[in-house]
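My notes follow in the order in which I went through the structure.

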Amino acid sequence: MVARFMNLLRRSEAAEDPVCHMQVDMKKPGGGTYDYQGKTYYFCGPGCRVAFSKDPEGYLSGKKGMKM
Ligand SMILES: [Zn+2]
């Protein structure tokens with residue numbers, strides 16, 4: 001698990017999931033992507049993408065934590 005994260009980081013093609021703060025492979029985001037205000041966000045799973053799309057500001061401002 002940790003080794004896998006390190007590999008993602010080393011390739012520098014990982015983005016942070018704004019909902020759960022996991023590192024997501026930008027080439028194969030498990031939850032797809034979501035464009036918001038000209039920026040593309042990547043998600044580890046569909047649940048995070050749905051949560052973000054409902055309240056992008058809440059997650060980007062840090063007001064909202066992970067609720068799973
Ligand atoms: Zn996530």
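Entry 1, metal site. I began with the sequence spacing of the residues that donate to the zinc ion, which reads D-x2-C-x23-C-x3-C. The model is a predicted one. I then listed the protein donors: Asp-17 through OD, and Cys-20, Cys-44 and Cys-48 each through SG. They lie 2.1 to 2.3 Å from the zinc ion.

What geometry does the site of the zinc ion have? I noted it as tetrahedral, with angles of 99 to 123 degrees among the 4 donor atoms. For comparison I wrote down the ideal value for four tetrahedral donors, 109.5 degrees.

I located Asp-17 in the loop between S1 and S2. Is Asp-17 buried or exposed? I recorded a relative accessible area of 0%, so Asp-17 is buried. I looked for a salt bridge to Asp-17 and found none. The nearest side chain of opposite charge belongs to Arg-49, 10 Å away, and a salt bridge has to be within 4 Å. What I did find is that the side chain of Asp-17 reaches the backbone nitrogen of Cys-20 at 3.3 Å. Cys-20 is likewise a donor of the zinc ion. I noted Cys-20 as buried because its relative accessible area is 17%, and the cut-off is under 20%.

How many salt bridges does the count come to? I got 1. Glu-13 pairs with Lys-27, and their closest N and O atoms are 3.2 Å apart. The pair links distant parts of the chain, 14 residues apart. I placed Glu-13 in the loop between helix H1 (2-10) and strand S1 (14-16), and Lys-27 in the loop between strand S2 (23-25) and S3. I also checked the accessibility of the two partners. Glu-13 is partly exposed at 28% relative accessible area, whereas Lys-27 is exposed at 62%.

Entry 4, hairpin. I finished with strands S3 (residues 33-36) and S4 (residues 39-42), which run antiparallel and are joined by 4 bridges. In this pairing I found Tyr-36 opposite Lys-39 of S4. The hairpin has 2 residues between its strands. Which residue of the hairpin takes a positive phi? I wrote down Gln-37, with phi near 50 degrees.

Note on methods:
Residues numbered from 1 in each chain as written. Predicted model: local features only at pLDDT ≥ 70, side-chain atom pairs only at ≥ 80, totals over all residues. Heavy atoms only, no water. Pairing = 2+ DSSP bridges. Donors = N, O, S within 2.8 Å, 3.2 Å for Na, K, Ca; no water. Tetrahedral: all angles 85-135°; square planar, octahedral: opposite > 155°, others 65-115°. Buried < 20%, exposed > 50% of the residue type's maximum accessible area, 1.4 Å probe, protein only. Lys, Arg positive; Asp, Glu negative; His and termini not counted. Polar contact = N/O pair within 3.5 Å; in protein donor to acceptor, adjacent residues only side chain to side chain.
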